[in-house]
Amino acid sequence: MSKSTGSAELRTMPVLAVRGIVVFPGMILQFDIGRKKSVLAVKAALDAGREIFIVTQTDLSENEPTAEDLYKIGVIAKIKQIVHSANEGIKLHVEGIARAEIMSVVQEEPFLTGTIQPCTEPNFRTSYKTEALSRIAQEKFEEYIRWFRHVPPDILLGVMQQKDCGKLADFIAANIALDFEQKQAILDELHPVRRIVRLNTILNDEIQVMTLEREISQKAQEQMDENQRTYMLREQMRAIASELGEEDNPQEEADEMREKILALNMPETAREKLLKECDRFSRMPYGSHEGSVMRVYLETCIELPWNTSSPERLDLARAEKILNRDHYGMQKVKERFLETLAVRKLSDRATGQIICLVGPPGVGKTSIARSIAEATGRKYVRVSLGGVRDEADIMGHRRTYVGSMPGRIIAAIRQAGTNNPLILLDEIDKLGQSFKGDPSASLLEVLDPEQNSAFQDHYIDLPFDLSRVLFITTANDASMIPGPLYDRMDVITLGSYTHDEKFHIASKYLIPKQLKKHGIKAAQLRFTPNALHALIDSYTREAGVRALERTIGTICRKIAKRIVSDAEFKSFSVKVSNLEELLGPKKFTKENLERRDEIGLVNGLAWTSVGGEMLPIEVAVMDGTGKIQLTGSLGDVMKESASAALTCIRTRAEQLGIAPDFYAKKDIHIHAPEGAVPKDGPSAGIAMATAITSALCKAPVLHSVAMTGEITLQGRVLPIGGLREKSMAAYRSGIKTVIIPEANVPDLAEVDRVVREHVEFVPVRRVDEVLPRAIPSLSGSGRTEEPEVRMPVGQQQRVLPAMRQ
């Protein structure tokens, strides 16, 4: 700061401290004051010649400034006019007279009074330099107001007419919007030349800053104008649509969908594709067919749970409790899923094997899947695959087709609302093939844990992660599942229920369920244990418990009718004695099995998709010309098995005491009862051979013996499948002895304990061991020595006869 070298008279006068305002000599200014000290200083100045020293505060936040809070250079001003306001404030109108410096503060109360020394400007000589500096200042000021600020014409005229560089600097600084610190720097400079130089520097910097501001503002304005234009156009389209009665606006819908897509945490590629579809949809005319197709497509994609998961519960104790609560037995299935939960608890990245539950109808395959979903905290969705013949049902239809839609897998994910549900693929063995493709081939990608992380439905046409989905499939017959699909699944076989298991299931689960379903209290209807046993034996004969549940429901309906119609009804007990009254005559009796030995009648065993069944084989021999007749809806494999059995017996005719020329003089008729039911398979080979031998030798077959096994021309007995189901059927029918191929001995470990306790299993290698056991008269003694059975390691024991009752 340059100061005067000359001396000036010291004056004592009131001091007015102002915030954010700098007053210059020759400047006329009007502003408001409201602080008490300021008002008192103005009043004192009015009484002492209307002159007051105006100085700027260094700190704008200070409300009671002291000498240290004020700049040294200020302006002696003349008070032109004051106007009192209603809130005790004053509107002050002043004119700057001369620069001055506050030398000291005389008093601070009740207002500031200071010793003031006017500043004397140093002498300087007007030259070309000062003239150039003045012109530069005038040009900068003109540029400033031309592009960025609007000032009154008289100010512009005053700038153009001013020739003194010092006064020009003061005049320009007083009339442009600078920060108060920049203005104070100009006020502090007493030398006119240095003052105009400083002003030029400040003006140049300010113009550069304002140029950038203007560019930024223009860009923002252009963007705003574009947005405003877009908004106006959309509003016009909305208004036009409203006038035409077309309230649905594609543009508005596209904007809403775009917001939803951006809110979804989906993969980048999927987001970009859907946003492009939104842009296309926004340009579609209202009501167009293509617009409707795109709308449905976008809505479908938005509704998919791209990153929505349900919290998975991995509490093994809770899961085991739920599974035991809902299902009796089924230990193998429960243990398998508890193992899966344990692995998931140890590793989040574990992708479990796809589980396939194979078993006859009614054993609880579908219901245990629902319990597993509850135990793990997953959403449950069932997808029925029975009768599906079009691969588009699995992979979806491409959008080029009319009425296209996603496949059943993506539809199930959408229905669940989470990306980690439990999806039950029911009846996977009922998939068919047609000219529309092979659905089972489409399931290969879905059920492969190594591939389904990027499953691509034809309709969605975007990769969707299925690796977190828990897939469970069910089937009645595993042999009907294609090999590649079967190889991708961990198969768990569910066998038929024993009598005791059905009794426990009925008493613990089925009866309470049916009572609740029919609105009957437990005290109003009771089933005695003997009645339940009779229901199982005399009214149902099945692998599962579905018919048993329907029968219990029938009883509940009859009792419900009595409860409603009889006002005095209290309770009813279902006993063996009143079962026929409720359900009619018994449907099944143990007398259905022949109770005496018959010639040419053998108890075979069959394995069907609904469990094991008894398959009686009848053979009749008559005088004739050697004709062979096969009846009973036998399949090609079974017919070939009958031919092999007949040839095997012909090779042993002499040993068995059969006339060697019987094939030329006897007609043989082989029949499997229930002729309307198709039958096929090679496992009835030894049963046919035994029945043919019995008919030719006129020797009866033991009615308490059943058998299963494939036969060869040389009389070897080959292994069969479904031993567990077949043995269960024999047990239900009261069979005491079952003849099986020796190669099937390891399968006895899978047979239920109750069956092993009540049925004697006789393993054989050749048909020569079968005939004496089934036809005692052929051995002379009626029984043969029981062969030793070789069990798997750890289970080596002799097959003991069944317990006799």
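Analyst: On a 1 Å grid over the protein atoms alone, a cavity is a set of points where a 1.4 Å probe fits but cannot get out. This is a predicted model, where local features need pLDDT of at least 70, side-chain atom pairs count only at pLDDT 80 or more, and totals for chains, interfaces and linings use all residues. Residues are numbered from 1 along each chain as its sequence is written, and side-chain values use heavy atoms, with hydrogens and water left out.

User: Okay, how many cavities of 30 Å³ or more are there?

Analyst: A search of the whole structure turns up six.

User: What makes a residue part of the lining of the largest cavity?

Analyst: A lining residue has an atom within 4 Å of a point. Those lining the largest cavity include Val 15, Arg 35, Lys 37, Glu 64 and Phe 111. β1 (11–18) and α1 (36–47) are the elements that each give two or more residues to this lining. Such names come from DSSP runs, numbered from the N terminus: helices are H or I with at least four residues, strands E with at least two.

User: Why are α21 and α24 called oblique to each other?

Analyst: The axes of α21 (residues 636–651) and α24 (residues 685–697) come within 8 Å and cross at roughly 50°. Under 35 degrees counts as roughly parallel, over 145 as roughly antiparallel, 65 to 115 as roughly perpendicular, and the rest as oblique. So α21 and α24 are oblique.

User: Which residues make the contact between α21 and α24?

Analyst: Among them are Met 638, Ala 642 and Ile 649 of α21, and Met 688, Ile 692 and Leu 696 of α24. Contact means heavy atoms within 4.5 Å.

User: What does Arg 732 touch?

Analyst: Arg 732 is found in α25. Leaving out residues up to four places away in sequence, Arg 732 touches Ser 496, Lys 502, Arg 541, Glu 542, Ala 543 and Gly 612.

Conventions:
On a 1 Å grid over the protein atoms alone, a cavity is a set of points where a 1.4 Å probe fits but cannot get out, and a pocket is an open set with protein on both sides within 12 Å along at least five of seven lines; lining residues have an atom within 4 Å of a point. Grid points are joined across faces, edges and corners, and a volume is the space filled by probe spheres set on the points. Axes are lines fitted to C-alpha atoms, for helices over the stretch in contact, and angles run from 0 to 180 degrees between N-to-C directions.
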